Amino acid sequence: MIVVSAQLTDWGETSAGQAIELTEYFIANFSVNESRIYAAGYSAGVETMSRAVSMRPDLYAAYLHGASQWDGEFDSIAENGVAVYIFMAEDDEYYGSQKARDAYDELYDAYLNVGRSENEINQVLQILTPNAAWFAERGVTENYHGGGNVVFEETSILNWIISHSK
C-alpha cells in the first residue's frame, strides 16, 4: 500500500489540481493497481479532496469524506460510481452535521439520476454522524470536530473503503 499525503496550497481548484497531479504521478511512476485508488480527507483537506475526486472521479474507487463541507460536484461522482463514506460528528463545532446530511442527500439524488437502485446506492454511499456517546467510547469528550480524526482508526469504515474497486 502506498499512502500519499498532499499539503494544501489553497482550499480550492489549485490544491485539487495538485492532488490529481500527485495521484497521476504515482500511477505513472510506481506499481499502482489503478482499480484500487482511494482518497480521504479531513476538514479543510476534504474540501479540497471533494473537488479533486469530482474533477477526476475516474481515478478513484472510493473516498472517505471526513468532517467537512462538500465543495465538489455530485453528478460526476455518481456517473463514475465512486463509493463515498461521509463522516461528521453530530455536534461538530465547526461545520455542523447538516452539511454532511446535505452532501449525502445530493449524492443520493445523483446516484438515483444515473439509474442506481436504492440497494445499489446503499452499497456505494454511507453516512455516519456519531453522537457524544460514540466519541466518549473512543476517549473524545470535547472538540468533536478535531476529535473526529478517530474515524481513521475505525477498522469497519476503512475496510468499507478498501472493499471497493473500479
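Helices (H or I, at least four residues) and strands (E, at least two) are DSSP runs, numbered from the N terminus. The views below show a predicted model, in which local features need pLDDT of at least 70 and side-chain atom pairs count only at pLDDT 80 or more, while totals for chains, interfaces and linings use all residues. Residues are numbered from 1 along each chain as its sequence is written, and side-chain values use heavy atoms, with hydrogens and water left out.

**View A. Asn 143 in the loop between helix 6 and helix 7.** Let us start with a loop: Asn 143 sits between helix 6 (132–137) and helix 7 (144–147). Its phi is positive, about 50°, although Asn 143 is not a glycine. Most residues other than glycine have a negative phi. Asn 143 counts as partly exposed because its relative accessibility is 45% (buried is under 20% relative accessible area, exposed over 50%, partly exposed in between, with a 1.4 Å probe and protein chains only).

**View B. Ser 43 in the loop between strand 1 and helix 2.** Here is another positive phi in a residue other than glycine, with Ser 43 near 55°. Ser 43 belongs to the loop between strand 1 and helix 2. With a relative accessible area of 16%, Ser 43 is buried.

**View C. Strand 2 and its neighbours on either side.** Strand 2 (62–66) pairs with strand 1 in the parallel sense over five bridges, and also pairs in the parallel sense with strand 3 (residues 83–87), again over five bridges (two strands pair if DSSP finds at least two bridges between them). Look for Gly 66 in strand 2: it is the bridge partner of Tyr 42, and it stands opposite Phe 87 in strand 3. Five of the five residues of strand 2 are buried, so this strand is largely enclosed by the rest of the structure. In a regular strand the side chains alternate between the two faces of the sheet. Both faces of strand 2 are covered, with Ala 62, Leu 64 and Gly 66 buried on one side and Tyr 63 and His 65 buried on the other.

**View D. The β-α-β unit and Ala 52 in its helix.** Strand 1, helix 2 and strand 2 form a right-handed β-α-β unit (right-handed if, with the strands pointing away from the viewer, the path from the first strand over the helix to the second runs clockwise). Ala 52 lies in helix 2 and is buried, at 0% relative accessible area. Leaving aside residues up to four places away in sequence, Ala 52 touches Ala 16, Ala 19, Ile 20 and Tyr 60 (contact means heavy atoms within 4.5 Å). Gly 17 is 35 residues from Ala 52 along the chain, yet their C-alpha atoms are separated by 6.5 Å.

View E. Pro 57 is buried, with a relative accessible area of 5%. Its contacts, not counting residues up to four places away in sequence, are Ser 76, Ile 77, Asn 80, Val 82 and Lys 166.
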